[in-house]
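Biologist: Before we discuss anything, could you put the sequence and the structure up, so that we can go through them together?

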Amino acid sequence: MGDNDGFFTVTNKKRKRTKDADMESDTKRPCIKPLSEVMIQATGSAEQRVIRVPPNRYTALKNNWIKLTAPIKDILRLDIKFNTASRQVEIRNSRLTENPTYLQKAADFVQAFIYGFEVEDALALVRLDDLFLDSFEIKDVKMLTGDHVNRAIGRMAGKGGRTRYTIENATKTRIIIDNKRIHILGSYDNVRAAKTTLSTLVLGNTESKVFGKMQRLSKLLGSNM
């Protein structure tokens, strides 16, 4: 029926269900058995991460293998091995793994070492939750060729590595300059600050201009922390 405003009131019409209809719906309803604990563990343990090892890092990986595997097995409770055929590190879950995010932590830890970071610095990725690894290339900032690339690398590194050390100390990060590729390890805000500073050097700013900004940035990041 209509009301005074001209709208019709919607009424809920319920249909009576018969016993035959209920029996028919029950017979058509699928019956799925829950997964057993063994199947759940088997499914979880199948997930893995693979980290490729370049030839120039074989010796370093061999010399530091015990330091790398100890925290992964003892702290994160993951399985790890080096596949000699494919030349890559393979990490996977085990039945003792408590947190599914540990697999990515271990992969980032090994990847940081492969990039060139010291084991002690890369280990922070395992122990702390607010750290991450970021990488970029010079061409992501500006397309350079020939000697311009070498000059950009020189500005980022500085004489005797002075500029890189200054940026690391000011932003509380660790930086690896691997030819045209740069890797940064630290917290989100600090990595962003270091990346911005390195990008200005790629664009052509001199070290003297950067040092003044680094002093102000260091005080700002220190107050935020």
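Predicted model: local features only at pLDDT ≥ 70, side-chain atom pairs only at ≥ 80, totals over all residues.

Biologist: Which residue in β6 is the bridge partner of D178?

Modeller: Strand β5 runs antiparallel to β6 (residues 181-187), and five bridges join the two. For D178, the bridge partner in β6 is R181.

Biologist: How many of the 14 residues of α5 are buried?

Modeller: Helix α5 covers residues 102-115 and reaches 20 Å from its first C-alpha to its last, close to the 20 Å expected. A residue counts as buried when its relative accessible area is under 20%, and the buried residues of α5 include L103, F109 and I114. The helix is largely enclosed by the rest of the structure, because the number of its 14 residues that are buried is ten.

Biologist: Is K159 buried or exposed?

Modeller: K159 lies in the loop between α9 (147-157) and α10 (162-171), and it is 9.9 Å from E207, C-alpha to C-alpha, although the two are 48 residues apart in sequence. A residue is called exposed when its relative accessible area is over 50%. The value for K159 is 80%, so K159 is exposed.

Conventions:
Residues numbered from 1 in each chain as written. Heavy atoms only, no water. Pairing = 2+ DSSP bridges. Helix = DSSP H or I, 4+ residues; strand = E, 2+ residues; numbered from the N terminus. Expected span 1.5 Å × (residues − 1). Buried < 20%, exposed > 50% of the residue type's maximum accessible area, 1.4 Å probe, protein only.
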